[in-house]
Amino acid sequence: MPYNKHTSRRSHGSSHGDSRGGLHTRHTPQEQSHSAKRTQVVYRSGSAGMTGNYYQQKIRDRQDRNSSSHNSHNRGGGRGGGRRPTKQLNPNLFINRHPAKNETEDYTPKHTFADFEIPTQLLNNIIAKGYRKPSPIQDKAIPVGLAGKDIIGIASTGTGKTAAFLIPLIASLFKDKNKKILIMCPTRELALQVRGEFLALATAMPLYAVGIVGGAPMERQIAALHSPHHAIIGTPGRIKDLMIRRKINISECSAVVLDEADRMLDMGFIADMRFILSKLPKERQGFFFSATFSPEIQKICSEFLNSPTSIEIKTRDTASSVLQDIRNTRNDTERMEQLLELLADTAHPKVLVFREMKHRADRLARELQDKGIKAYALHGDMSNSQRIRAVNALTQGTVQVVVATDVAARGIDIKNIDLVINYDEPGDYDTYVHRIGRTGRGVTLGKAITFVTPRE
Ligand code: AMP
């Protein structure tokens with residue numbers, strides 16, 4: 001079983017103080033070694049009405065980090081313009097000079113794609129995507145999915161989980177074109193990415209998917225819902241909104257997918273997810289995918305799945321397959337110098353830089369553009385089309401750099417990112433692992449550099 005961050009990082013305190021000062025991160029000596037994976041999170045007790053709920057705290061943390069520039073002056077600047085993290089992590093956690101390749105590289109699948117009972121056109125589309133053999137999660141999940149059974153997939157992004165659920169679902173939709181499926185994802189980027197994969201795998205098949213995500217005009221989505229479609233792929237908030245407005249009828253959906261269920265819980269979508277799941281027909285197939293299997297996920301699975309088959313994909317955790325190092329920088333000038341030096345290296349044509357706040361991501365992207373470096377920002381204040389443009393530009397190599405905030409970068413799949421730079425230190429280890437997980441996807445080794453300001 002992969003390391004379960006939710007259960008092992010659970011709060012030991014009953015509640016916490018304010019969202020900035022109340023959260024402390026402690027490391028045992030073992031945890032402070034670079035191989036350490038666990039972070040003990042302890043909440044201060046005291047503040048009324050707070051339950052110390054780990055997810056609520058994480059949401060507040062993220063809201064804090066990603067809040068708009070209007071609020072930022074209240075947050076304590078320091079460090080030459082970079083926000084001083086509310087929790088300071090031991091810099092040793094950002095160092096791993098001996099990364100190991102991902103275990104999945106050596107996996108020998110039991111099946112070929114041609115072994116699966118799927119339409120020929122779907123097989124052709126899989127081949128056209130360049131997938132030569134099923135990944136471990138695909139090898140195990142596709143036969144179960146094709147048999148119509150429910151699945152709990154414990155697998156993280158990068159394992160090929162999207163095709164693991166899409167292939168059986170597309171096969172089933174092709175068989176009965178009156179069917180409909182619903183796929184819920186934590187972020188708009190991931191939802192649009194899953195929709196892209198659906199459309200690619202369903203090329204030349206009369207199947208269509210609508211994307212129902214927040215931050216995009218509702219009218220267009222409503223119009224798309226009026227046209228024939230077989231899959232609704234979106235984020236829980238917007239899906240629920242449109243259900244309440246009676247624009248989506250999910251009572252006909254014969255299958256439901258929760259993609260990155262743990263992230264949806266982290267982001268506070270639990271009530272929306274439950275609302276949506278409760279409106280689905282009782283007779284349906286369910287695929288719940290999650291990188292971790294916390295008690296909350298177990299509860300959802302036991303409530304909404306019917307005798308599911310559990311499939312767990314053991315991958316070495318992200319942190320061990322990424323070459324990681326730190327650069328000590330005393331101020332903004334030094335950070336910029338180090339950044340320019342890294343960008344000048346021809347080994348780094350695709351670089352993802354993380355900043356803690358939207359306006360800082362914007363400003364850094366502008367500064368790089370002024371220096372003649374092709375760069376875009378990626379944050380939650382941008383429109384969907386701007387965000388897609390940034391992701392596509394880095395994917396296609398038309399820009400070298402995307403400067404992103406954490407929420408905006410969650411779940412995005414940009415192929416072959418050569419380097420992740422933490423321009424601002426992450427506030428917690430979980431965020432750090434998520435950031436560096438953007439490089440070294442699949443079986444390739446990645447590289448991450450964290451700019452660290454020496455503590456006084
Ligand atoms: P996912 O975990 O679904 O986000 O997929 C991660 C990446 O692996 C995506 O870029 C997929 O296009 C790619 N991928 C998925 N399945 C396969 C496969 N069988 N062979 C090679 N690449 C794959």
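1. The crossing of helices α5 and α6 is right-handed. The model under discussion is a predicted one. Helix α5 covers residues 136-146, and its axis lies 9 Å from that of α6, at an angle of about 25°. The two helices are therefore roughly parallel to each other, since angles under 35 degrees count as such.

2. The contact between these helices can be followed residue by residue. On the α5 side stand I137, Q138, A141, I142, G145 and L146, which meet K161, A163, A164, F165, I167, P168 and A171 of α6. By class, the residues of this contact comprise ten nonpolar, two polar and one charged.

3. Helix α6 (residues 161-175) also packs with helix α7 (residues 188-201): their axes come within 10 Å and cross at roughly 45°. The pair α6 and α7 is therefore described as oblique. This crossing, too, is recorded by hand: α6 passes α7 in the right-handed sense. From α6, the residues T162, A163, L166, I167 and I170 take part, and from α7 the residues V194, E197, F198 and L201. Seven of the residues in the contact of α6 with α7 are nonpolar, one is polar and one is charged.

4. Which helix supplies the largest share of the shell around the ligand? It is α6, with three residues. The ligand is surrounded by 14 residues, of which Y131, S135, G160, T162 and A163 are the closest. The shell divides into eight polar, three charged and three nonpolar residues.

5. A separate point concerns the open sheet, in which six strands follow the order β10-β15-β14-β11-β13-β12 with parallel pairing. Strands β10 (322-328) and β12 (375-378) are at the edges and have a single partner strand each, so one side of each lacks a neighbour in the sheet. On average, neighbouring strands of the sheet are turned by 20° against each other, direction ignored.

6. Within this sheet, β11 (residues 351-354) pairs with β13 (residues 401-404) in the parallel sense, over four bridges. One of the residues involved is L352, whose bridge partner in β13 is V402.

7. Two helices may be considered together with the sheet. Helix α14 (residues 358-370) lies across β11, β12 and β13 and runs at about 175° to β12. Helix α15 (residues 384-396) packs on the sheet as well, where it touches β12 and β13, and its direction makes about 135° with that of β12.

Note on methods:
Residues are numbered from 1 along each chain as its sequence is written. This is a predicted model: local features need pLDDT of at least 70, side-chain atom pairs count only at pLDDT 80 or more; totals for chains, interfaces and linings use all residues. Two strands pair if DSSP finds at least two bridges between them. Axes are lines fitted to C-alpha atoms, for helices over the stretch in contact, and angles run from 0 to 180 degrees between N-to-C directions. Two residues are in contact if their C-beta atoms, placed from the backbone, lie within 7 Å. Angles under 35 degrees count as roughly parallel, over 145 as roughly antiparallel, 65 to 115 as roughly perpendicular and the rest as oblique. A crossing is left-handed if the near helix is turned anticlockwise from the far one by less than a right angle, and right-handed if clockwise. Ala, Val, Leu, Ile, Met, Phe, Trp, Tyr, Cys and Pro count as nonpolar, Asp, Glu, Lys and Arg as charged, and the others, Gly among them, as polar. A residue is near a molecule or strand if its C-beta atom, placed from the backbone, lies within 6 Å of it.
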